[in-house]
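Thanks for coming. I will go through one structure today, starting with its salt bridges and then moving to a sheet, a core and a surface patch.

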Amino acid sequence: MECQSHKQTIPPVGDQVDNVPFDIGNGSEESSLSLNDASHQCKCKDDKRTRSLNAPSPIQQFGPCGRIMKNSAMVMTIQDPASQRLTWYKPPLTVLVIKKIRDDSVLSPFVQLVKWLITEKRMVVFVEHSVLDDPLLSNQPGFNMTRDKLMPFREGKDDLTDKIDFIVCLGGDGTLLYASSLFQQSVPPVMAFHLGSLGFLTPFEFVNFEEQMINVLEGNAALTLRSRLRCIILRKDEATGKPTKAPTSLLVLNEVVIDRGPSPYLSNIDLYLDGKHITSVQGDGLIVSTPTGSTAYAVAAGASMIHPSVPAIMVTPICPHSLSFRPIVVPAGVELKISVSPESRNTAWVSFDGRSRQELKHGDSLRVTTSIYPVPSICAQDQITDWFDSLAECLHWNVRKKQRHLDELSDLTRSHSSSNDTLDSLDRPDTLDS
């Protein structure tokens, strides 16, 4: 498999690409331009600008003398997001179904879906072991006949790597975040149905799920590659500088949050970018988020919203003790290092997509960079339409009453002026005398 959209990110040390049973197809042969053939392609197209969200220009030469230095480690590809589509190079046979927990309204759709996948599509269906323990499922018609055909797994005990071809989420955004956490390397394509509260990341409606599933299984679907952050915690003794524990590595889809925890004191966190000290954060904490996470905790803290196809990392302070500390966006290829400042009165706490919360002590450090393993999220329509629909429906982005038409304003002005004329006429002496 060759992932055209993620060639612009330099893989961090330790990440290795595994084979997965799907590929990313291009809508046309000209939809992806590399630096090597960019000049030729652009001359043929009269230097027309590409519609890509992934880079400003495919040109590698600037003026008569300047050009980008050739580097074997740097490969940049320009691709129109509309041409980024899912193709299967072999039929998917196994599917992981993730259901929202503690929600009775999801039980019936869950039973309908797994029954259809097993009987109609002859697929092997994996579900969480805790789902089968739900006593309310036994009351659902037809589930007892399907129960024995399901493949249960336990989080943290059973390895799903290379076992799952396809993922279906039934619930809200939390189900997609949970699916991401189960795969710390390559992630199968994810189809998310909106059966939760907000549903920003779940574009599909369950009403006609059979038709939508058939389209996806036949390869008729657009993809959004949602980048993830690779987070590594290094534990070191502050006095000796020697490691005290093995490094902890996690991939997150939304954000990693560093905060002051239960302490009443301000957080004092040092932020480094590619080894250079950028600033010290004094406030309640810091949010490091992906473009997908920019519409989650980050936007509530005052950050901008970034389309998930933009290769970037957003750094957002939480209630900073400085009016000039604004959120910033840095390139996806950089490495951020976050540590508790030596002058800090307290330690810090870190959480990954709202989970695995742990203390960050003096001497410890957190390193964050973009992972080469994105989450391939299947679109209901396309990358652009799905995102703006979610902004409008879930966040009510730019919703306001429209300004009145000019003719209506003119009518109001005329009626207002006529009423003023009537009052003015009452004040004139000739009117009073008559």
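This is a predicted model: local features need pLDDT of at least 70, side-chain atom pairs count only at pLDDT 80 or more; totals for chains, interfaces and linings use all residues.

**Salt bridges, a sheet, a core and a patch**

R355 and E155 form a salt bridge, with the closest N and O atoms 3.2 Å apart. This pair links distant parts of the chain: R355 is in strand β23, residues 355-360, while E155 is in the loop between β9 (151-153) and β10 (166-171), and the two are 200 residues apart.

R357 forms a salt bridge with D259, and here the closest N and O atoms are 2.9 Å apart. R357 lies in strand β23 and D259 in strand β15, residues 255-259, so the pair ties together parts that are 98 residues apart in sequence. On accessibility, R357 counts as partly exposed because its relative value is 44%. D259 is at 15%, and because the limit for buried is under 20%, D259 counts as buried.

Next is R260, which forms a salt bridge with D284; the closest N and O atoms are 2.8 Å apart. This pair too links distant parts of the chain, with R260 in the loop between β15 and β16 (267-273), and D284 in the loop between β17 (276-283) and β18 (285-289), 24 residues apart. R260 is partly exposed, at a relative accessible area of 24%. D284, at 23% relative accessibility, counts as partly exposed.

Now the sheet. In what order do the six strands of the open sheet run? The order is β20-β19-β18-β15-β22-β23, and the pairing is antiparallel. Its edge strands are β20 (328-331) and β23, each of which pairs on one side only. From one strand to the next, the twist averages 20°.

As a reminder, strands of a sheet pair through backbone hydrogen bonds, either parallel or antiparallel.

The largest nonpolar core has 36 residues, and the members that touch the most other members are V97, F110, F166, L170 and M213. Which elements each supply at least two residues of this core? They are β7 (94-99), α2 (107-119), β8 (124-128), α3 (129-132), β10, β11 (190-194) and α6 (209-217). Of these, α2 gives the most, with eight residues.

Last, the surface. I384, F388, L395 and W397 form a nonpolar patch there, with about 350 Å² of accessible area together. Where is L395? L395 is in the loop between α8 (383-394) and α9 (406-427). At 32% relative accessibility, L395 counts as partly exposed.

Conventions
Residues are numbered from 1 along each chain as its sequence is written. Side-chain values use heavy atoms; hydrogens and water are left out. A salt bridge is a side-chain nitrogen of Lys or Arg within 4 Å of a carboxyl oxygen of Asp or Glu. Helices (H or I, at least four residues) and strands (E, at least two) are DSSP runs, numbered from the N terminus. Buried means under 20% relative accessible area, exposed over 50%, partly exposed in between (1.4 Å probe, protein chains only). Two strands pair if DSSP finds at least two bridges between them. Axes are lines fitted to C-alpha atoms, for helices over the stretch in contact, and angles run from 0 to 180 degrees between N-to-C directions. Patches are made of residues with over 30% relative accessible area and no salt bridge: like charges are joined within 9 Å, nonpolar side chains (Val, Leu, Ile, Met, Phe, Trp, Tyr) within 5 Å. Accessible areas come from the Shrake-Rupley method with a 1.4 Å probe; for residues, only the protein chains shown count as cover. A nonpolar core is a set of buried Ala, Val, Leu, Ile, Met, Phe, Trp, Tyr and Cys residues joined through side-chain atoms within 4.5 Å.
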